[in-house]
Amino acid sequence: MSNARIQFSLASEDVWQAYNPFLKEGEIVTSVKANKKVKLIQGKIGGSNYSDSTLIWDQDNAESLTSRSETAATTAATKASAAASSASAAAASQAAAANSASAAAASASAAKSSETTAKASETAVANSAKAAAASASTASEKATAAANSASAAASSASQAQSSASTATTKASEAETSATAAFESKTAAATSASAAKTKANEAADSASAAAASATASGNSAAAAASSAEKVAALNYSNAAAHNAIFRGKYLGDHVTNEQWAAIKAGTFDDLYIGDYWTIGGVDYVIAAFNYYLNCGDSACTANHVTIVPRNNLYNHVMNDTNVVTGAYVGSKMYASGLNTAKTTIANAFGSAHILTIRQLYSNATDSTYGFGTSMDWYDASVFLMNEANVYGYHPFAEMYRTTQWGTDKYSIDNSQYPVFAFDKTMIHTRQDYWLRNVASSSDFCLVSSGGYCPGSGASPSRGVRPAFNIYQS
């Protein structure tokens, strides 16, 4: 990922929502839901707070999608079976229609035969009548026979009329049967078409279900792979924990488990930005083992560097605008930090405040203010320098000529991780002092407006010191 840096945490969703950290563009974090399922959240373009970031995968949704895919496949199979039954019924209907059409044709043929018989009978009647008239004119004895012939002719005529009526009825029935056969054939064709459509729909549904099941399987596999990578990167050491910002509230005191993790140097469940709130002050984790192996006498204890979220109080660097003796020659160094030392000792216990060896300037050039000498000093609670906050020195010894000043010779030579991750920890809308000398009358500070100036030593400005806690 060319423009992203992945940060990982297995904190609960409630914790993420409560502290709503800022995620960089493309940054992915893992959140554990109340049901112990996980989801992945990714920072939007330009970065975004956790609550505004993009949900890229949810274990519940993936499992639900798999279940719906299986249900869809079952439904598709049912529809396919129904379609096959419908097609079978349509075929049977079509066969019945063909039989009806055949019967209708037979009825029409019978009617035609009856009509022909009737016409022949009518012709015979006419011939019999002519013969009777001829017999009457020749002999009286033929009268009886003629009468009998006439009676027979009348009977034949009646039979002919009845046969004609029957033929008409049969013809009407044949027409009705033919109409029914045609309608049955049409219905069979419509049913067959509908069955084919249903079969196609069932096939499409089955295909979609198979594709959905495949997609669900791929999604689940990707999620499992991602979770495995997250777990693999979550090592228990200072370097790994310096690379993860979380910002979680840790409570109103350091627990025994937390002291044990600090002593062991594993720093389990402690991350940059996490904080304790003690006596109304948020004490924020700024770094892990920042000073390890530093000093004229090496620092060997595992430790956590702490910075208050806001100023503890205000104080002057000196009563007048002078920088004589640099930081260690200032009123701030001599007595201005005493209240901070007491407050911090009460919060964490004096036995847990680590004393390290710091390299400080102790003399300055009278014209330009740059450091001219330095030495090692014990330090427990101290003002930060520009490198701690900004990562470099934008204002320290600004009037230095070609001579190198001593104020930049320091073991505080890189930015605390908390300031790299969270710029609001730098810009608090409060002025606060830094220990670097800026000129012959000024010390450096962070302005409430967010820029990095110098200021005369006499104004009363914010005291926001750093310190280290450890377990002996």
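Strands E10 and E11 form a hairpin with six residues between them, and Gly369 in the turn has a positive phi of about 90 degrees. Helices (H or I, at least four residues) and strands (E, at least two) are DSSP runs, numbered from the N terminus. This is a predicted model, in which local features need pLDDT of at least 70, side-chain atom pairs count only at pLDDT 80 or more, and totals for chains, interfaces and linings use all residues. Residues are numbered from 1 along each chain as its sequence is written, and side-chain values use heavy atoms, with hydrogens and water left out.

**Overall composition**

- The protein has nine helices and 17 strands.
- Of its 472 residues, 38% are buried, where buried means under 20% relative accessible area, exposed over 50%, and partly exposed in between (1.4 Å probe, protein chains only).
- Among the contacts (heavy atoms within 4.5 Å) with a separation of 6 or more, 66% join residues 24 or more positions apart.

**The hairpin strands**

- Strand E11 covers residues 371-379 and pairs with E10 in the antiparallel sense over eight bridges; two strands pair if DSSP finds at least two bridges between them.
- Arg357 has Asp378, in E11, as its bridge partner.
- Strands of a sheet pair through backbone hydrogen bonds, either parallel or antiparallel.

**The three-stranded sheet**

- Three strands form an open sheet in the order E2-E3-E5, with antiparallel pairing.
- The edge strands, each pairing on one side only, are E2 (28-32) and E5 (54-58).
- On average, neighbouring strands of this sheet are turned by 30 degrees against each other, direction ignored; axes are lines fitted to C-alpha atoms, for helices over the stretch in contact, and angles run from 0 to 180 degrees between N-to-C directions.
- E2 and E3 (residues 38-42) are joined in the antiparallel sense over five bridges, and Ser31 has Lys39 of E3 as its bridge partner.

**The largest cavity**

- The structure holds one cavity of 30 Å³ or more, and the largest cavity has a volume of about 80 Å³.
- On a 1 Å grid over the protein atoms alone, a cavity is a set of points where a 1.4 Å probe fits but cannot get out, and a pocket is an open set with protein on both sides within 12 Å along at least five of seven lines; lining residues have an atom within 4 Å of a point.
- Grid points are joined across faces, edges and corners, and a volume is the space filled by probe spheres set on the points.
- Residues lining the largest cavity include Tyr327, Tyr360, Asp407 and Arg435.
- The largest share of this lining, three residues, comes from E10.
- By class, the lining of the largest cavity has five nonpolar, four polar and two charged residues; Ala, Val, Leu, Ile, Met, Phe, Trp, Tyr, Cys and Pro count as nonpolar, Asp, Glu, Lys and Arg as charged, and the others, Gly among them, as polar.

**The largest pocket**

- The largest pocket contains about 400 Å³ of space.
- It is lined by 26 residues, of which Pro21, Phe22, Phe245, Phe421 and Asp422 are the closest to its centre.
- Helix H1 (13-19), strand E1 (22-23) and helix H9 (417-421) each supply at least two lining residues, and H9 gives the largest share, three residues.
- The lining of this pocket has 13 nonpolar, six polar and seven charged residues.

**Ala240**

- Ala240 lies in helix H4, residues 238-242, and is buried, with a relative accessible area of 15%.
- Although 31 residues separate Ala240 and Tyr271 in sequence, their C-alpha atoms are 9.2 Å apart in space.
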